[in-house]
Amino acid sequence: MYFRHTDNLSMLLSRPEGVSRRDFLRLTTLAGAGLTLGAAWPAPAAQGAAKSSAGSNLLATPFVRIDPDNTVTVICKHLEAGQGVWTGLPAVVAEELDASWDQMRVESAPALVPTYGNLAFGPDARVQGTGGSTSLANSWDQLRHAGATARAMLVQAAAARWKVAASDITVSDGVVSHSSGRKATFGELAASAARLPVPANVGLKDPAHFKLIGQEKLPRLDSHAKSTGTQQFAIDVMLPGMMTAVIARPPRFGAKVQSIDATAAKAVPGVVDVVQVPRGVAVVGRDMWSAKKGREALKVTWDESAAEKRGTDELLKSYRELSRGKDAHVALSRGDVDAALKGAAKVIETEFEFPYLAHAPMEPLTSVCRLGADRCEIWAGCQFQTIDQINAATAVGLKPEQVTIYTLAAGGTFGRRANAESDYISEVASIAKATGGKYPVRLIWTREDDITGGRYRPLNYHRITAGLSKDGKLVAVRQSMVGQSIMAGTPFAAMMKDGVDPTAVEGNTAELYDVEHAQVTWSQPTVGVPVLWWRSVGHSHSAFSKEVAIDELAQAAGQDPVAFRLALLEKHPRQAAALKLAAGKAGWDRPFPQGNGRGRGIAVHESFGSVVAHVAEVTVTDDAIRVDRVVCAVDCGIAVTPDVVRAQMQSCVGYGLSAALYGKITLTDGRVDQTNFHQYRVMRINEMPRLIEVHIVPSSNPPSGVGEPGLPPIAPAVANAIRAATGIRLRKLPFDLAAARSAKV
Amino acid sequence: MSIQLTVNGQVRELDVDPDMPLLWAIRDHLQLTGTKFGCGMALCGACTVHIDGQPTRSCITPVSAVAGKKVTTIEGLSTTAGRAVQAAWVKLDVPQCGYCQSGQVMSAAALLAGNSRPTDEDIDAAMAGNICRCATYVRIRAAIHQAADALPAAAGQS
């Protein structure tokens with residue numbers, strides 16, 4: 001028994017005092033690679049994903065398996081949810097292995113730490129999970145070493161077989177060759193290589209010799225399955241005797257079951273069980289239709305005494321009051337902001353409002369559980385394998401190591417599947433427990449369950465007060481941010497510092513621009529609506545207020561928005577470079593044809609170690625907003641798979657525009673107003689910009705993420721373009737041009 | 001009640017509630033899981049199948065309504081247009097999470113079956129009912145044009 005429940009989770013997620021995140025990442029990355037490949041591989045026999053090489057004819061290390069059929073399978077510790085890890089991570093291995101791309105395969109790793117722990121998440125890689133756009137960054141050294149080690153073993157095996165010096169052997173495109181003309185495939189050498197000791201120190205390639213990494217178009221390994229309907233998601237798992245469950249959850253957050261009348265539900269043909277579980281009442285049926293009809297017939301009386309009953313307008317009003325209150329936490333402070341604002345030639349104050357947002361991945365949350373006497377198996381698009389394993393174990397009363405996690409491809413997540421309570425996994429486990437494990441059970445959330453189910457991007461209110469000097473330079477910024485904490489009350493609270501949730505304030509104006517006098521404060525309201533990280537987390541709102549305020553300040557200073565920003569980015573050269581690249585490619589220095597409702601705007605933002613700048617061109621017709629073109633520049637270090645980088649920029653633009661143009665979850669008397677896509681509108685093909693050009697900043701830095709960083713700057717770039725087109729500044733999301741226009745009058 | 005329908009060329013008999021949506025009949029009772037559940041209200045298109053060649057949202061179509069009709073799911077898609085669409089999808093690496101793509105492919109295949117040279121506006125009209133939260137729309141559009149280029153012009157009206 002190594003850990004259990006929340007206090008231990010907090011410990012897992014903390015890092016040693018005095019070690020910066022960057023140093024910590026570096027240390028653990030090196031340690032991790034040495035540890036996993038240097039040690040004998042403990043075969044997770046029960047889990048079936050990676051097999052031991054002992055006594056077999058394949059070469060297996062924790063991250064790479066080479067089979068006699070000449071396939072090379074990369075064991076992927078990260079969740080593939082569309083962001084491309086099933087292509088990017090194999091590319092890193094294939095590069096160092098000198099494999100042919102055609103022979104590469106990928107499969108999900110079992111839940112096993114520290115072997116598959118995320119090196120960016122905590123000490124000793126003790127939490128396996130995907131998030132913070134860390135997959136490639138934390139796997140880079142690890143997988144390069146894994147590929148290089150397997151290559152060295154193949155070379156040694158060939159040298160022994162041919163009785164030649166290893167130094168005379170070359171490997172290229174999946175073929176091991178000797179100058180004498182002898183050749184062998186990886187598959188032919190796998191068995192002999194597997195009997196060799198794992199070398200401790202192997203050299204890595206000079207990046208100048210990369211062949212696959214950086215290749216413009218490396219085909220995704222999952223495109224065929226995902227174009228033919230054969231990719232398996234959790235909702236597709238079919239087990240013998242499996243039943244399907246839906247859960248009746250409270251109509252208001254924080255309500256509890258008071259009484260249940262299951263008579264009518266149980267009378268629905270196909271319904272097999274109705275059981276109370278910690279989060280509501282589960283109706284189990286022989287198929288989804290009977291479970292759903294059973295739930296419609298179920299009568300539950302809810303105890304709403306502790307429920308959140310406020311509406312969004314009420315909450316926002318309280319947020320505004322909080323922002324003027326005295327109990328805000330200081331997140332950042334430098335210089336003397338009061339004096340600087342007093343002495344400023346011009347002071348501008350702006351307010352911003354951001355709604356709750358649902359993630360709404362296309363695959364609604366789904367999980368499958370098979371419970372035995374001393375074993376529990378979970379199938380899901382798991383994003384937090386270690387935490388999911390602990391929570392499932394708690395729900396069924398077993399030890400974490402008795403829980404086997406099968407991570408399947410997720411039909412999108414955007415952060416939703418990673419939460420401290422593992423909500424949808426705890427639920428299916430609790431249903432299995434309540435029904436005595438007599439059948440495997442599949443839990444499906446309907447779209448209504450998903451949209452009304454909480455764990456939203458937090459509602460936020462920001463106020464920025466900024467001062468310009470006589471010569472139009474930004475000299476002081478005071479930023480007040482109000483929004484619920486994602487981390488407080490969860491094991492992640494261990495990552496809060498001085499009472500500040502870093503995910504609430506990350507990416508604020510003073511953090512990313514050089515301003516001499518600055519203060520950023522954060523107030524934490526207590527609200528009963530559960531919140532969670534939503535694609536790009538705090539940056540999803542902080543970038544907007546920052547980039548719109550900066551644009552407004554540039555305008556007030558009578559300066560070009562690019563030049564104004566560049567003057568404030570001397571200490572942020574990567575942001576400056578991306579900004580210049582996007583501006584250059586978009587033809588920023590040439591006048592934009594104004595009129596006919598057309599306008600152009602720009603924004604730049606750094607998040608998760610990457611920098612993205614967007615130039616957006618819009619057409620506004622009768623207050624309807626159309627984004628015509630986006631020119632994007634991205635610095636993500638070495639672009640391992642440039643086409644995946646482009647895809648993620650396109651995706652971030654579309655997902656970000658969904659939020660900017662339509663996205664909002666509102667509450668009335670504590671009840672969520674939206675239930676499905678007719679009310680929670682998202683981007684459709686006819687609304688998507690037709691042109692998205694992606695330019696990658698050349699870099700020799702280690703790779704950083706791309707799943708999130710393209711999102712933060714898109715909404716402000718569009719808002720700034722709308723201002724150029726119409727003169728109207730939009731400071732409230734989602735955009736409502738008509739409302740903003742009438743408010744201005 | 002027993003309902004007979006033809007799915008991917010095979011006659012299948014189902015003993016289910018006649019009101020059961022076709023989606024759940026083919027997923028839960030025929031184990032054809034390529035067709036996806038996304039919204040249950042014909043708002044997202046993930047459940048799109050062809051009924052007698054017409055793209056149809058299976059999540060709101062009662063199974064009894066397709067008795068005696070020909071249902072094609074992604075597993076049975078074998079038309080020239082369908083194959084061209086899938087080839088273009090792979091070639092351009094359209095999918096990201098991939099969950100909506102069965103529905104996207106079925107809608108695109110139906111579009112090209114009736115219009116072998118669709119304009120961007122034709123694509124908007126035919127595909128606006130299919131949501132992709134990964135926003136692969138730029139590539140979906142490009143792949144439909146590429147698939148159209150691969151089709152003989154006579155395959156449909158231009």
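Predicted model: local features only at pLDDT ≥ 70, side-chain atom pairs only at ≥ 80, totals over all residues.
**Close-up 1. A cis peptide bond between A:Val113 and A:Pro114.** Here omega is near 5° for the bond from A:Val113 to A:Pro114, which is cis. A:Pro114 belongs to the loop between β4 (104-108) and α4 (135-162) of chain A.

Close-up 2. Most residues other than glycine have a negative phi. A:Asp173, though not a glycine, has a positive phi of about 50°; look for this residue in the loop between β5 (169-172) and β6 (175-178) of chain A. In chain B, the phi of B:Gln31 is near 55°, and B:Gln31 lies in the loop between α1 and β3 (48-51). A:Asp173 is partly exposed, with 13 other C-beta atoms within 10 Å, whereas B:Gln31 counts as exposed, with 9 C-beta neighbours inside 10 Å.

**Close-up 3. Helices α3 and α5 of chain B.** The axes of α3 (residues 101-114) and α5 (residues 137-150) of chain B come within 11 Å and cross at roughly 40°, which makes α3(B) oblique to α5(B). The crossing is right-handed. From α3(B), the contact uses B:Gln104, B:Ala108, B:Leu111 and B:Leu112, and from α5(B), B:Ile140, B:Ile144, B:Ala147 and B:Ala148. By class, these residues comprise 7 nonpolar, 1 polar and no charged.

**Close-up 4. Where chain B touches chain A.** Chain B brings 45 residues to this contact and chain A brings 49 residues. On the chain B side, α5(B) gives the most, with 4 residues.

Terms used:
Residues numbered from 1 in each chain as written. Chains lettered and ligands numbered in written order. Axes fitted to C-alpha atoms, helices over the stretch in contact; angles between N-to-C directions. Helix = DSSP H or I, 4+ residues; strand = E, 2+ residues; numbered from the N terminus. Parallel < 35°, antiparallel > 145°, perpendicular 65-115°, else oblique. Left-handed = near helix turned anticlockwise from the far one by under 90°. Contact = placed C-beta atoms within 7 Å. Nonpolar A, V, L, I, M, F, W, Y, C, P; charged D, E, K, R; others polar. Buried ≥ 20, exposed ≤ 12 C-beta atoms within 10 Å, placed from the backbone.
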